[in-house]
Amino acid sequence: MNFAENLNLIQQRIAAACVRAGRDEKSVTLLAVSKTHPPETIRAAMECGQLLFGENKIQEAKSKIPLCPGKARWQFIGHLQSNKVRDAVQLFEMIQGVDSLAIAQEISKRAEQAAKTMPILLEVNVAGEGSKFGYAPEKLLAELNALNALPGIEIHGLMAIPPFATVPEKARPYFKKLRELKLQCEQILGAPLPQLSMGMSGDFEVAIEEGATLVRVGTALFGERVSNVRKEAE
Ligand SMILES: *Cc1c(COP(=O)(O)O)cnc(C)c1O
């Protein structure tokens with residue numbers, strides 16, 4: 001695994017996707033998904049200039065983040081339980097994956113206690129998969145004003161994890177759906193939502209063509225996750 005090479009290649013692919021979509025390259029931010037990778041790997045990534053990272057477990061983030069001092073910024077991309085919200089508010093600059101009023105209320109409360117306003121993304125279950133977290137679109141639209149009224153959070157946009165597909169094109173309708181849902185949300189709120197977090201290693205180019213502003217890339221940058229390698233070896 002050569003992080004510098006991978007990063008360079010991903011940046012080129014992001015730039016090319018932006019050209020295809022007639023978008024400014026700067027309108028897409030690369031979030032390096034560092035979950036399961038050790039602090040030394042993250043520090044090496046930081047030396048290559050990658051400073052935005054995503055983690056999906058509070059415990060893991062809590063032990064790793066202090067070991068990666070410097071200019072790194074961290075976003076939470078997992079499913080948050082209410083007893084972990086206090087830590088999440090301290091550790092992360094943004095919480096992606098908020099999918100209920102209850103968890104949003106807890107984040108708001110804890111953020112206010114910490115004298116902060118927490119940027120969040122609302123997670124949508126775009127394919128209606130029973131096994132996945134995320135708002136059903138209708139429920140999100142119904143709760144949006146209540147979410148927006150919470151004083152300690154600031155809604156920055158939407159995020160989704162579409163069904164796994166070996167062919168990236170298959171994810172396109174779900175990315176499109178999330179983009180359209182963001183427009184509906186903006187109409188309800190009467191304000192723009194800057195972020196559309198969608199696209200991972202296998203499909204980030206299609207996501208960019210459909211309007212992604214934040215792509216969450218793990219494997220294509222860092223190689224296979226340790227836990228996966230171990231599972232395969234078993
Ligand atoms: C693990 C993870 C990713 C990264 O997936 P890759 O396929 O390794 O790029 C992106 N988003 C979320 C929410 C994840 O949990």
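The legends below describe close-up views of the pockets and the ligand in a predicted model.

In this predicted model, local features need pLDDT of at least 70 and side-chain atom pairs count only at pLDDT 80 or more, whereas totals for chains, interfaces and linings use all residues. Residues are numbered from 1 along each chain as its sequence is written, and side-chain values use heavy atoms, with hydrogens and water left out.

**View 1. The largest pocket, with a volume of about 960 Å³.** Of its 37 lining residues, Lys35, Asn56, Ile161, Met200 and Arg225 are the closest to the centre. A pocket is an open set of points on a 1 Å grid over the protein atoms alone, where a 1.4 Å probe fits and protein lies on both sides within 12 Å along at least five of seven lines, and lining residues have an atom within 4 Å of a point; the volume is the space filled by probe spheres set on the points, which are joined across faces, edges and corners. Helix 3 (58-64), strand 8 (214-217) and helix 10 (226-233) each give at least two residues to this lining, helices being DSSP runs of H or I with at least four residues and strands runs of E with at least two, numbered from the N terminus.

**View 2. The ligand in the largest pocket.** Sitting in a pocket requires that more than half of the molecule's atoms lie within 2 Å of the grid points. The residues around the ligand (a heavy atom within 4 Å) include Val33, Ile77, Ser201, Arg216 and Thr219.

View 3. An oxygen atom of the ligand lies 2.6 Å from an N or O atom in the side chain of Lys35, and an oxygen atom of the ligand lies 2.7 Å from an N or O atom in the side chain of Arg225. The ligand taken alone exposes 390 Å², of which the protein buries 89%, with accessible areas from the Shrake-Rupley method and a 1.4 Å probe.

**View 4. The second largest pocket, with a volume of about 270 Å³.** Among the 13 residues that line this pocket, Gln11, Val28, Thr29, Leu30 and Gln50 lie nearest its centre. Helix 1 (3-21) and strand 1 (29-33) are the elements that give two or more residues to the lining, and helix 1 supplies the largest share, 3 residues.

Note on methods:
Polar contact = N/O pair within 3.5 Å; in protein donor to acceptor, adjacent residues only side chain to side chain.
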